[in-house]
Amino acid sequence: MFANPSLTTRIAIGKGLGALFGIAGFVYLTAFPVEGESLLRWGILLWYTTLGAIVGLIGVYTWHPVLKLPMPWWFRAPIIGAWLNFVLTFFTYDAMAAVMVSVFGTDGILTSPFWFTVEGAIVGLIIGFVATRFGGEGPETVSEAAGVR
């Protein structure tokens, strides 16, 4: 089940690392009081755990079926992380804007909540690297689970 390559290993590593990033965000947000802080903190914790699971799961796809292009882990994982945080920013724009203002002040280039997109790319890259290193990638990660030998 946890052999290399293994989809289960990829997802477990992704969820574990995502949970660590989520815990870091949970703790970090206690230093910056914003409205609705409790829900935002729990949301960040659960969001990054989910992001890690999705980055781990998407490791099965190493080839884009429509564009007929390879998708290596270092391209695929940051794109998924950035996209998920981009979507997160749309759902929590006001809360994220309040966090950015409390951290960086009212003036400056880093006050836009869309910087969380860059953070998602970096987190996705880290999770993708570790999941690929220890869980493998590609269709062979599902061969054992599907009973194919």
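**Close-up views of a predicted chain**

View 1. Of the 149 residues in the chain, 38% are buried. Here buried means under 20% relative accessible area, exposed means over 50%, and partly exposed lies in between, with a 1.4 Å probe and protein chains only. This is a predicted model: local features need pLDDT of at least 70, side-chain atom pairs count only at pLDDT 80 or more, and totals for chains, interfaces and linings use all residues. Residues are numbered from 1 along each chain as its sequence is written, and side-chain values use heavy atoms, with hydrogens and water left out. The C-alpha trace spans about 55 × 30 × 20 Å along its principal axes. The chain exposes about 8,500 Å². Carbon and sulfur atoms supply 74% of that area. Accessible areas come from the Shrake-Rupley method with a 1.4 Å probe; for residues, only the protein chains shown count as cover.

**View 2. The order of the elements.** The chain has five helices and two strands. From the N terminus they run α-α-β-β-α-α-α. Helices (H or I, at least four residues) and strands (E, at least two) are DSSP runs, numbered from the N terminus. Take the contacts in the chain with a separation of 6 or more: 72% of them join residues 24 or more positions apart. Contact means heavy atoms within 4.5 Å.

**View 3. Helix α2 and its cover.** Helix α2 takes in residues 37-57. Its 21 residues should span 30 Å at 1.5 Å a residue, and its end C-alpha atoms are 30 Å apart, which agrees. The expected span is 1.5 Å times one less than the number of residues. Buried residues of α2 include Leu40, Ile44, Tyr48 and Val55. Arg41 is also among them. The cover over the buried residues of α2 includes α1 (7-28), α3 (73-91), α4 (93-104) and α5 (116-135).

**View 4. Thr49 in helix α2.** Thr49 lies in helix α2 and is one of its buried residues. A polar atom of the Thr49 side chain lies 2.9 Å from the backbone oxygen of Leu45. Leaving aside neighbours within four places in sequence, Thr49 is in contact with Lys15, Gly18 and Ala19.

**View 5. Lys68 in a loop.** Lys68 sits in the loop between β1 (63-64) and β2 (69-70). Lys68 is not a glycine, yet its phi is positive, at about 55°. Lys68 counts as exposed because its relative accessibility is 53%.

Technical notes: A polar contact is a pair of N or O atoms within 3.5 Å; within protein, one must be able to donate a hydrogen and the other to accept it, and residues adjacent in sequence count only if both atoms are side-chain atoms.
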